[in-house]
Amino acid sequence: MATTPPPSATTPSPTTPPAPTTPPAPPAPTIEPVTAADLGPSWRPGCPTDPQQLRRVEINYIGFDGQTHRGALIVNEDLADEVIAIFDQLLAMQYPIEKIRTVDNYPNADDELSMEDNNTSAFNCRDIPGTGRWALHAYGRAIDLNPLITPSVARPGAFQPKNAAPYLDRSRTDPGILHAGDPVVRVFTDRGWRWGGYWRTPIDYQHFER
Ligand SMILES: [Zn+2]
């Protein structure tokens, strides 16, 4: 006996609305142990902090292209969770960061090269220039943020990095430049971090430490 196909078989199914185009959430931040080999030229025997006391923290950030990127910082184990909270907050505020790479990506882990590249970094076993004392970077307890556009100024005409002359003009308000009391500065200082922008010698606009 002949059967009539049910109407649904020939009726086009209703058009499914397109899925919303929100990008997938970036992967969650991570904290991993590091070895001396992982740290490359940024660590050597005699440094005041052992690799076991340091962690590799991967976080997400907004680049100057407006896109979300993944970055890596080496920080003291004591600060790893807090650094993640700080960068989560900077991401939510859409504070732009040019790049976040560990300094062993630069020849001899040279801080000048990292700063000239406007690279945000934390751990580096180095002293405070001209003092012979360890910088808090050597303990993984300091972060330099967008260091080309937020230079370190020892005195008029003496600044780092050497290509930062256009950014000595503190009336500039380009995205990423930091000023006293900015919400981005307060993300750090409200947690008890010190900002080098409040110092006198040098005035270290890129530097936060705890
Ligand atoms: Zn610094």
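Helix α3 (residues 80–92) lies across β1, β2 and β3 and runs at about 5° to β2. Helices (H or I, at least four residues) and strands (E, at least two) are DSSP runs, numbered from the N terminus. Axes are lines fitted to C-alpha atoms, for helices over the stretch in contact, and angles run from 0 to 180 degrees between N-to-C directions. The model is predicted: local features need pLDDT of at least 70, side-chain atom pairs count only at pLDDT 80 or more, and totals for chains, interfaces and linings use all residues. Residues are numbered from 1 along each chain as its sequence is written.

The three strands form an open sheet in the order β1-β2-β3, with antiparallel pairing. Its edge strands are β1 and β3, each of which pairs on one side only. Direction ignored, neighbouring strands of this sheet are turned by 25° against each other on average. Two strands are taken to pair if DSSP finds at least two bridges between them. Strand β1 (residues 30–33) is joined to strand β2 (residues 54–62) in the antiparallel sense over four bridges; in this pairing threonine 30 stands opposite glutamate 58, and glutamate 32 opposite arginine 56. Between β2 and strand β3 (residues 68–76), which run antiparallel, there are nine bridges. Here isoleucine 59 stands opposite glycine 71, and isoleucine 62 faces threonine 68. β2 and β3 form a hairpin with five residues between them, and glycine 66 in the turn has a positive phi of about 80°.

The 13 residues of α3 should span 18 Å at 1.5 Å a residue, and its end C-alpha atoms are 19 Å apart, which agrees; the expected span is 1.5 Å times one less than the number of residues. Ala80, Val83, Ile84, Ile86, Phe87 and Leu90 are the buried residues of α3. Seen down the axis of α3, these residues fall within an arc of 165°, so they line one face of the helix; the arc is that of the directions from the helix axis to the C-beta atoms. A residue is buried if 20 or more other C-beta atoms lie within 10 Å of its own, exposed if 12 or fewer, and partly exposed in between, with C-beta atoms placed from the backbone. The buried residues of α3 pack against β1, β2, β3 and α5 (183–189). Glutamine 94, which follows α3, has a positive phi near 60°.

Of the 32 residues in the largest nonpolar core, Leu73, Val75 and Val83 touch the most other members. Such a core is a set of buried Ala, Val, Leu, Ile, Met, Phe, Trp, Tyr and Cys residues joined through C-beta atoms within 7 Å. α3 gives the most to this core, with six residues. Valine 75 touches, among others, Leu54, Val57, Ala80 and Val83, not counting residues up to four places away in sequence; contact requires C-beta atoms, placed from the backbone, within 7 Å.

Key. Contact = placed C-beta atoms within 7 Å.
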